[in-house]
Amino acid sequence: MKIIPCPSSPLLARRVAEASRLEVGNAVFRRFPDGELYVRVQEKEGVVVGSINSNDDLIALIFALDVLDKAKAVVPYMGYARQDKAFQEGEAVSIKILAEILESKAEEVITVNIHSREAASHFKNLINLDAMSLIGEHFAEKDVVMISPDKGSLERVKTAAKYAACEWDYMEKKRIDATTVEITPKSIDVEGKDVVIVDDIISTGGTVAEAAKILYSLGAKSVSAACVHAVLADNAAIKLFNVGIKDIIATDTIECAFSRISVAELIAGSI
């Protein structure tokens with residue numbers, strides 16, 4: 001069995017191959033003049049590694065899996081996972097459809113920090129790896145405080161802080177009156193401290209930007225952002241730097257300039 005890299009994850013696939021002591025398989029991906037995708041995998045069995053950060057990424061992944069007689073799917077960033085329920089009548093539950101397709105093509109699906117339990121519930125046999133420990137280890141020798149931008153990421157920041165051996169907290173909303181809401185860390189005083197905002201995904205960066213403004217207003221010495229999946233849509237990195245974010249640290253589930261932490265060993269251990 002060989003590692004088959006998709007166009008979305010070539011470097012991570014190489015790292016997974018090295019960590020698992022497997023060879024990189026022979027695959028060709030290209031686009032026809034009319035925009036259609038062409039995929040050729042010259043192997044019979046393989047572990048296809050490809051994040052879904054666009055519709056093209058999804059098609060390339062599905063086509064590669066379909067060619068193989070025996071396949072595993074490693075989807076480090078599972079796009080569409082935030083569409084995990086129907087909020088209005090007639091809405092497609094996109095992750096449910098995606099789960100059905102992937103599990104019809106692969107004997108096993110492996111991902112990293114899928115967005116929610118609801119998203120994971122649509123898979124029958126999903127291996128959902130947790131990279132929060134890796135984020136924590138990255139900060140283990142640094143004097144920082146870790147903050148979740150909301151209560152929803154409480155468990156994530158707790159895990160990261162455990163491995164960083166640092167204090168942690170989350171941003172809490174307090175209603176002052178009918179028109180005023182105050183957002184502050186629940187209990188930690190951040191004045192004069194280096195703060196790291198920790199979340200699973202930074203997409204447009206709006207939540208992290210607002211949290212950073214509040215933390216600076218409370219006297220934080222510096223504010224950085226750390227995440228597993230750096231989607232960074234709509235020039236989100238510029239937005240974050242404009243509000244004073246000192247640094248952005250992410251894993252390589254989505255390969256970009258901020259990918260300082262590799263999940264290759266984590267994935268290799270599961271295949």
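Which residue of β7 is the bridge partner of T111? The partner is N128, and the strands that hold the two residues, as well as the elements around them, are described below for a model that is predicted.

## Basis of the description

Residues are numbered from 1 along each chain as its sequence is written, and side-chain values use heavy atoms, with hydrogens and water left out. Because the model is predicted, local features need pLDDT of at least 70 and side-chain atom pairs count only at pLDDT 80 or more, whereas totals for chains, interfaces and linings use all residues.

## The parallel sheet

An open sheet is formed by five strands in the order β1-β4-β5-β6-β7, with parallel pairing; helices (H or I, at least four residues) and strands (E, at least two) are DSSP runs numbered from the N terminus, and two strands pair if DSSP finds at least two bridges between them.

Strand β6 (residues 108–112) pairs with β7 in the parallel sense over four bridges. Helix α2 (residues 55–67) lies across β4 (45–49) and β5 (70–75) and runs at about 160° to β5, where axes are lines fitted to C-alpha atoms, for helices over the stretch in contact, and angles run from 0 to 180 degrees between N-to-C directions.

## V49 in strand β4

V49 is placed in strand β4 and, at 0% relative accessibility, counts as buried (buried means under 20% relative accessible area, exposed over 50% and partly exposed in between, with a 1.4 Å probe and protein chains only). Not counting residues up to four places away in sequence, V49 touches I3, I4, P5, C6, S9, A13, V74 and P76, contact meaning heavy atoms within 4.5 Å. The C-alpha atoms of V49 and L65, which are 16 residues apart along the chain, are separated by 9.8 Å.

## Packing of α2 with α3

Helix α2 packs with helix α3 (residues 94–105) at an angle of about 25°, and their axes are 9 Å apart. That makes α2 roughly parallel to α3, a term for angles under 35 degrees. From α2 the contact draws on L58, L61, I62, L65 and D66, and from α3 on L98, I101, L102 and K105; by class these are seven nonpolar, no polar and two charged residues (Ala, Val, Leu, Ile, Met, Phe, Trp, Tyr, Cys and Pro count as nonpolar, Asp, Glu, Lys and Arg as charged, and the others, Gly among them, as polar).

## The largest nonpolar core

The largest nonpolar core has 32 residues, of which I135, F139, M146 and I267 touch the most other members; such a core is a set of buried Ala, Val, Leu, Ile, Met, Phe, Trp, Tyr and Cys residues joined through side-chain atoms within 4.5 Å. Among the elements that give two or more residues to this core are α1 (10–20), β4, β6 and α5 (132–138). Leaving aside neighbours within four places in sequence, F139 is in contact with V144, M146, A164, V196, A226 and I249.

## Hairpin and loops

Strand β2 (residues 27–31) and strand β3 (residues 37–41) pair in the antiparallel sense over five bridges, and R31 has L37 of β3 as its bridge partner. The two strands β2 and β3 form a hairpin with five residues between them, and G35 in the turn has a positive phi of about 100°.

A165, although not a glycine, has a positive phi of about 55°; A165 is found in the loop between α6 and β9 (167–175) and counts as exposed at 71% relative accessibility.

Methods: Parallel < 35°, antiparallel > 145°, perpendicular 65-115°, else oblique.
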